[in-house]
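This report describes one protein model for a reader who has not seen it before. Please look over the sequence and the structure first.

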Amino acid sequence: MSESMLKMYISFAGIISLFLAVGLIYLSRHKMKGVSAAIVATFAYLFMIFGGIIIFYIVFSGPTA
């Protein structure tokens, strides 16, 4: 597998984790209450940090030849 294809799949993982974070934040703020909302929000923010790090890496690692 080439380096560019590997970067593409890694960026897909980052994008999916960011979409998952958005959905979980919405769920925790509007549909849940109490401790379960806090737990879901914690997971959401962890997914957001993870996805942001992945996208940051992909964008700033530069083009592949």
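The side chain of serine 11 has a polar atom 2.7 Å from the backbone oxygen of methionine 8. A polar contact here is a pair of N or O atoms within 3.5 Å; within protein, one must be able to donate a hydrogen and the other to accept it, and residues adjacent in sequence count only if both atoms are side-chain atoms. This is a predicted model, in which local features need pLDDT of at least 70 and side-chain atom pairs count only at pLDDT 80 or more, while totals for chains, interfaces and linings use all residues. Residues are numbered from 1 along each chain as its sequence is written, and side-chain values use heavy atoms, with hydrogens and water left out.

The protein has two helices and zero strands (DSSP runs numbered from the N terminus: H or I of at least four residues for helices, E of at least two for strands). Serine 11 belongs to helix H1, residues 3-30, and serine 28 also lies in helix H1. Serine 28 has a side chain that reaches the backbone oxygen of isoleucine 25 at 3.1 Å.

Serine 11 counts as buried because its relative accessibility is 14%; buried means under 20% relative accessible area, exposed over 50%, and partly exposed in between, with a 1.4 Å probe and protein chains only. Serine 28 is buried as well, at 8%.

| Residue | Relative accessible area | Contacts |
|---|---|---|
| Serine 11 | 14% | Ile54, Ile55 and Ile58 |
| Serine 28 | 8% | Ala37, Val40 and Ala41 |

The structure holds two aromatic pairs. In one of them, the ring centres of phenylalanine 56 and phenylalanine 60 are 4.7 Å apart and the planes meet at 55°, so the pair is tilted. Rings of Phe, Tyr and Trp (its six-membered ring) pair if their centres lie within 6.5 Å; planes under 30 degrees apart count as stacked, over 60 as edge-to-face and the rest as tilted. Phenylalanine 56 and phenylalanine 60 both lie in helix H2, residues 35-60, four residues apart, and both are exposed.

For the whole protein, the C-alpha trace spans about 50 × 15 × 15 Å along its principal axes. Buried residues make up 23% of the 65 residues. Among contacts between residues at least 6 apart in sequence, 64% join residues at least 24 apart.

Methods. Contact means heavy atoms within 4.5 Å. Lists of a residue's contacts leave out its neighbours within four places in sequence.
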